[in-house]
Every structure is written in C-alpha cells, then in structure tokens.
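Visitor: Could you walk me through this one? I'd like to start with the sheets and then look at the helices.

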Amino acid sequence: MKHTKFVHNFLEDSSKLFPDKPAFFANGNWHTYHAINKQANQLAHYFIKIGIKKGERIALLIENSIEYVVTYYAILKVGAITVALNTDSTANDLEYILNDCEVTLLVASQKLFRNAKSLFENTPLTPPLPRGDTEGRGVKAWEKKVLVWSNLKKIQLEESNTEVSLLPAELEEMPEDNPDIRIIDLDIASIVYTSGSTGKPRGATLKHLNIVSNTRSIVEYLHLTSEDRIMVVLPFYYIYGKSLLNTHFFAGGSVVVDNRFLYPNVVLKTMQEQKVTGFSGVPSTFTILLNRSDVRNQKIESLRYLTQAGGAMAPAVQKEVADVFSPAELYIMYGATEAS
C-alpha cells in the first residue's frame, strides 16, 4: 500500500500515477486526476494569496460536485482545516457553526449561497461565548469572507458587509504546482459537526493521521484498487460520504456522483452505464432501493461489493439486500464520527 502521510496526498499521488484517468464523474462529465489536482493547486495558491494561514478554518457549503472535491483538497494543501456544512441547514444553524469554530472563510456553491442569502445580508448572530467567559473576552465572530463557485460576473448583496469573490475566475493566473506548506500528520485536517441527543452540534476534530489510518484500513478490507468505481449518493459533508471519496482517491479508483436519489431508478441506470463496482448507503438508502425502485429486475454485472453504515439495519433487510445484489458482497460497517 502507499505510504501516504496526508489526506491531500490521496489526490496528489494518484495524479502522478494516473494523470489522465477519469477520476470523478458528475452531471454527465468525467474529470481526470490531473485536471482536479491542477485546479485544487490553483485554489490553494489563491488561498495563500488572500492570506489564509495554516490552522485556519475554511467552511464548505457545496453539494456533491467537482467544486466540492477541488475545494476540499485545496484547503488541506495549505494546512488549513475543512469544516463541511450540512447543505440542508438553516441560516441560523450555519451561523452558529461558523461562529462556533471561528471560520475565516466560507466557500459556497452558487445554488447554496443563494439559498442561504439571509445569512450574508443580515446582522450576524451573537457568537457563542467560550466556556467560563461570561464577559465575552476573546470572542471572534466569523469574518464574513465568502468565495462562491459561480458562472456569474458579479453577485449583489444588499446591506451587507460580506466580501464575495467568484470562482473559478479568480484562479486563472494562479500557479498549478503543489504548494509547499510544512505540516505534520498530527495537524488537524477536519472539524466534523455531529449532533448529540441534546444541545447544539459539537465539532469533532480529526487529524490527518486519523483520516489516513481510517482510509488505509477501509481500502485494505474492501480490497480496493485503481479499477474500482464507487457510486456515491451520500453527501460529502457526512463522514461516511467523505470516506467514499477519500478511499477511492487513495486507491486511484473513480468516484461517480448522482444527486438524484429521489429518483432511485435514475441512479440505478447511472450505475449500469458507468459500470460501478461499489455502492454504499445508510439503512434508509437500501430500504428506498428495495421498495421504490426496479432493483429486483435489474442486474448490475460490474458490482463487486456494497457497504452499509450509519445505524443498524434490520437483519431481515440485510438478508434481502444481500440476496437482491448477489453475487456482490455486503459489508456491514460501524464507526463513530469522532473516530473518523
């Protein structure tokens, strides 16, 4: 196996080994490892240009897309920390997280920026006080700096102090080489917000070593290789969804995204057309496939394995899934967010 040390090495190493290989599929288009790494490098250099420092938090409000992938690895390349935001969150929930972990910069897609417009035009909420700080000393609200992936030339905001810049236009003159930022594997790579049974969401910190170790383990027991293609319907802001991206980029495999799971037969068609070898879901994912799709009458010849996590799936459902997708193997997985 590779001696990968940092999470962004998943992309960099595979770009060296398989530069022209189709690595990521979304919206009918394939993107190669070289193209993804090139744009991630350009964005990383742009982060450096605007003053982003190692250890600063950068939030992502982006649906599963090539823009998410580029942004995620670019953040890690400069030693910054990714904070993935639930794309279904309300503006108040987003504001809470942005303040809670003192986000320096938010990178958003055009669609989600528009949906959360009130967050950028209204007066910021009062930031949470650090434990024991009753007078508000040391409190720092997020800085209201936003990058938006957009095909527009300009985005207008009314009565706002938000600084908005547009991607990919800002990247045109940026260098394409891997940035040279010194980090160690014990540096924090990601903060993942996980909701407990009570109270506000809490941020779990994951170091590069956490994620790399977890990724290597999954790649090993699923026997993933550069020939594997995973069908992704889970969101990347979710730790399980992000794992699908990381494991396949580590192995030099390919990631196929289809955000239309409301129409499960459409996703099954994409799986067949793109000859995926793997599929992953939470219990409700498989329940939907069994009850609201034509999966029993379809055969995906390329499918080698399935994985399930995100809660307990009833034994009867496990058996039915295994029977319907046979001879593909079903792996039942478990792992707390805090353990990456």
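Visitor: In what order do the seven strands of the open sheet with mixed pairing, the one that has E7 in it, come?

Guide: The order is E7-E6-E5-E3-E4-E8-E9. Before going on: this is a predicted model, where local features need pLDDT of at least 70 and side-chain atom pairs count only at pLDDT 80 or more, while totals for chains, interfaces and linings use all residues. Residues are numbered from 1 along each chain as its sequence is written, and side-chain values use heavy atoms, with hydrogens and water left out.

Visitor: What counts as a strand, and when do two of them pair?

Guide: Strands (E, at least two residues) and helices (H or I, at least four) are DSSP runs numbered from the N terminus. Two strands pair if DSSP finds at least two bridges between them.

Visitor: Which strands stand at the edges?

Guide: Strand E7 (163-167) and strand E9 (202-207) do. Each has a single partner strand, so one side of each is left without a neighbour in the sheet.

Visitor: How does E8 pair with E4, parallel or antiparallel?

Guide: E4 (residues 81-84) and E8 (residues 188-194) run parallel, joined by two bridges. Val 83 has Ile 191 in E8 as its bridge partner, and Thr 82 has Ser 190.

Visitor: And how do E8 and E9 run?

Guide: E8 and E9 are antiparallel, with six bridges. Ile 191 turns up here too: its bridge partner in E9 is Thr 205.

Visitor: How many residues of E8 are buried?

Guide: Five of its seven, so E8 is mostly covered, where buried means under 20% relative accessible area, exposed over 50% and partly exposed in between (1.4 Å probe, protein chains only).

Visitor: At what angle do H7 and H8 cross?

Guide: Roughly 70°, with the axes of H7 and H8 (residues 239-251) coming within 9 Å. H7 and H8 are therefore roughly perpendicular (65 to 115 degrees; under 35 is roughly parallel, over 145 roughly antiparallel, the rest oblique). The residues of the contact divide into four nonpolar, five polar and one charged.

Visitor: What's the strand order in the sheet with E10?

Guide: That open, mixed sheet of seven strands goes E2-E1-E11-E10-E12-E13-E14. Its twist averages 20° from one strand to the next.

Visitor: Which strands does H8 lie across?

Guide: H8 lies across E1 (22-26), E10, E11 (254-257), E12 and E13 (305-308), at about 145° to E11. Helix H9 (residues 264-273) lies across E1, E10, E11 and E12, at about 170° to E10.

How values were computed. Axes fitted to C-alpha atoms, helices over the stretch in contact; angles between N-to-C directions. Nonpolar A, V, L, I, M, F, W, Y, C, P; charged D, E, K, R; others polar. Contact = heavy atoms within 4.5 Å.
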